[in-house]
There are 2 protein chains.
Amino acid sequence: MIKKSVLFSMLLLLPVLAMAQNEDEVQLKKIYTQSLTNGKSYAWLDYLSNQIGGRLSGSFNAERAVEYTKAQLDSLGLDRVWLQPVMVPKWTRGIKEFAYIEYSPGDTNNIDICALGGSVATPSGGLKGNVIEVQGLEDLEKLGEEKIKGKIVFYNRPMQADLIQTFEAYGGCVDQRYSGAAEAAKYGAVGVIVRSMNLRLDDYPHTGSMSYGDTPASKRIPAAAISTNGAELLSSVLALNKDIKFYFRQTCKVFPDAQSFNVIGEIKGSTYPNEIITVGGHLDSWDLGDGSHDDGAGCVQSMEVLRLLKETGYKPKRTIRAVLFMNEENGLRGATKYAEVAKEKEENHVFALESDAGGFTPRGFSFDCDDANFKQITSWEPLFKPYLIHYFEKGGSGADVGPLKGNGTVLAGLRPDSQRYFDHHHAANDTFEHVNKRELELGAATMTALVYLIDKYGTVPSEKVKG
Amino acid sequence: MIKKSVLFSMLLLLPVLAMAQNEDEVQLKKIYTQSLTNGKSYAWLDYLSNQIGGRLSGSFNAERAVEYTKAQLDSLGLDRVWLQPVMVPKWTRGIKEFAYIEYSPGDTNNIDICALGGSVATPSGGLKGNVIEVQGLEDLEKLGEEKIKGKIVFYNRPMQADLIQTFEAYGGCVDQRYSGAAEAAKYGAVGVIVRSMNLRLDDYPHTGSMSYGDTPASKRIPAAAISTNGAELLSSVLALNKDIKFYFRQTCKVFPDAQSFNVIGEIKGSTYPNEIITVGGHLDSWDLGDGSHDDGAGCVQSMEVLRLLKETGYKPKRTIRAVLFMNEENGLRGATKYAEVAKEKEENHVFALESDAGGFTPRGFSFDCDDANFKQITSWEPLFKPYLIHYFEKGGSGADVGPLKGNGTVLAGLRPDSQRYFDHHHAANDTFEHVNKRELELGAATMTALVYLIDKYGTVPSEKVKG
């Protein structure tokens, strides 16, 4: 039985709690309404996508993106906007890749491919060879050098369609793209063709990063992606005739590291300025499309978080930063630098939220945190229900906020609907017209709502930090 | 405190309950896997959209859609497939509408419009008049006959962007389209132009049904929709010059009612054949697009429910019917007929589920039922969680299952993500390429999962029916 005095104190608290609850409801409503009726995210993304376009690390476009987003942050009247220098790798695709299947000399079928990011070029006259189809890295050992040497290895394991979470299907496939060339080279392969990481059958080859691991420079073989339709074609042709040849030519090149920047905007906290809440996406993108979903969306949403807080008249207690990380796609140098500097300066990052899963309808968040913080966050679920945000699960956060892990920092990733994400990911059809304005704006508002709640109530300090 | 004997009985039951739970998990996994890896819904929709196309009630295409879907149901080896005759209204759009804004004689701006469904034609030479812009029906009385007589009334209240549920925003606007002409005619207007029910700014005019109510035939005035961009243009032009004129010409016509059909396929129940579970969508569509989202998606998903149950080896205890209702868009005659026949035959419809909100990622269901049934259904929520289905709310069901209400029938509507629905609704861009295969298939599987659970556990009989 509860003591009368305690009960009495609780009763006294009730109106206060109800008022706080109501204040939060009102603030969330303001945030969503501002985003949906007067949002900036879509116009920013329009410029980033259509006036700048693909912006691979080290490229001229990446620098234009830095300039543009800094200027936009400058226009918001924040407390501080700055560029954080970081050296980034510079790989260029070169002139458009060219490929064909040769059924017999002169009887050829042109086919679209794209070099994987980080791949070496083919010889300048291109590379032609017989093809051996495999369902994954583990097939190589079974086949052995005898069957692989001198050939082009064709990795054709599709993404698993019956997985509901498409990122899980991606995770189950991407080793072919990332390590396919390094592994095939060990068995004497001369090149690698990888089925695009795409759940849909279409004609777009999807690029993405690959690594040669410790393969010496002289042993590195060129690697390219083929569209899912192309992969189906090549596979069915091979089933009829193992002697067909595949030709491809690509002129990609690695340059010395280039100077680039993370772009950062900040509202200083009024009460706990040393507690930092970071929200971010990555500013670089692959070069084939215009990087609207990956990750222009996450950048403009992060910028919009600061704007929505200001526009709705909220004065943060803690310092809120939007960070546009450079070089997520092929190096993670921006994220690494940001975390290094944070450590050097002994910054206290209490919360970091990333949006890097496309500008689709938000469903919720994934959290990398302890139970106490997760419990506090899930207590806010009812506030999100009117906005159809229901997904609050423990799991990963994101590549760019990952390096901040430790010291009790609560990490989170926005989780939009993922069904269409891999239709566009790293391909020429990751373009602005595939982003829906409302879906993008709902994402920005959802991020802002969570940042507001974290700012207002703080995170639960971990024992280590407290002690 | 629980009595020992009761506790003991409960403990004995636990393995049984666990087994049932596990059986359901396995069955749901089978359903989703079959839909996502070997589904038929997308291929059916491809044919319905691209080989048949728009299929307004009474049109030749509507008859082709009846033939095609019946043939497909026939191919599934069901217990019974039949056509249920129903007379439907037949309204035709006629030749392409034509419209322009006239700034001054000879200085004109062509503008796309489309006749609203059910509208009369303009005079054969078209109709030209000054325009009076209003924000809704309630503005008419304020303006009065003096300011309206002889003019074209332009309804320009937009859908409310800050409503998260887009159907709510639609509900708050559609009176302008449905009753705008009847109301404006009372004040002597000569025609009506309505801003399209679309949350996005684009160039597509959206059609949809309208009614003249009890307006006598001689007083009926033509009504057309203008795109959201067109509405913004017209409004800004009017702000500068109230004397501009609007011209439009349309040749739509009403024909005598035509013979048509609901298309029905059925698996007979093994244990309770007289308990009927109906799942459906509507086969007719507007004529501007190909009706992929509205409601080709709901039709092929309903057909797929039967196929998925069969393919996963499940033998229903109750009778499961897929019903493709004719004439939802402009008459609801198919649904009315289906409910009439059900009543005549004293059929016991225990459950009816509709899919008519687009082929987007499913989020859950809305239920129109008593508390006991809602409680049972929500007890299944954990089974749906792996499929990211979380929305289980009381509310409406759907227009086509609505007439089955009463006698304890549990009604439900699939609730897909609605953010993009009104970008396409009733417009020329409601086309196949805007339906994502996985999203469509997830919807079909989600419907099948619920039908399976309802079939297995039955509905909770209402007191009235029980008594």
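The legends below describe close-up views of a predicted model. Residues are numbered from 1 along each chain as its sequence is written, and chains are lettered from A in the order in which they are written. Local features need pLDDT of at least 70, side-chain atom pairs count only at pLDDT 80 or more, and side-chain values use heavy atoms, without hydrogens and water.

**View 1. The open sheet of chain B.** Eight strands with mixed pairing follow the order β1-β10-β12-β11-β13-β16-β14-β15. Strands (E, at least two residues) and helices (H or I, at least four) are DSSP runs numbered from the N terminus; two strands pair if DSSP finds at least two bridges between them. From one strand to the next, the twist averages 20 degrees (axes are lines fitted to C-alpha atoms, for helices over the stretch in contact; angles between N-to-C directions run from 0 to 180 degrees).

**View 2. Pairing of β10 and β12 in chain B.** Five bridges join β10 (residues 253-267) to β12 (residues 318-325) in the antiparallel sense. Ile267(B) has Ile320(B) of β12(B) as its bridge partner.

**View 3. Helix α13 of chain B against the sheet strands.** Helix α13 (residues 437-457) lies across β11 (272-282), β12, β13 (348-354), β14 and β16 of chain B. Its direction is at about 40 degrees to β14(B).

**View 4. The surroundings of His426(A).** His426(A) sits in the loop between α12 (421-424) and α13 (437-457) of chain A. His426(A) is buried, with a relative accessible area of 6% (buried means under 20%, with a 1.4 Å probe and protein chains only). Beyond neighbours within four places in sequence, its contacts (heavy atoms within 4.5 Å) include Tyr170(A), Arg177(A), His206(A), Trp286(A), Asp294(A) and Glu329(A).

Notes
Buried means under 20% relative accessible area, exposed over 50%, partly exposed in between (1.4 Å probe, protein chains only).
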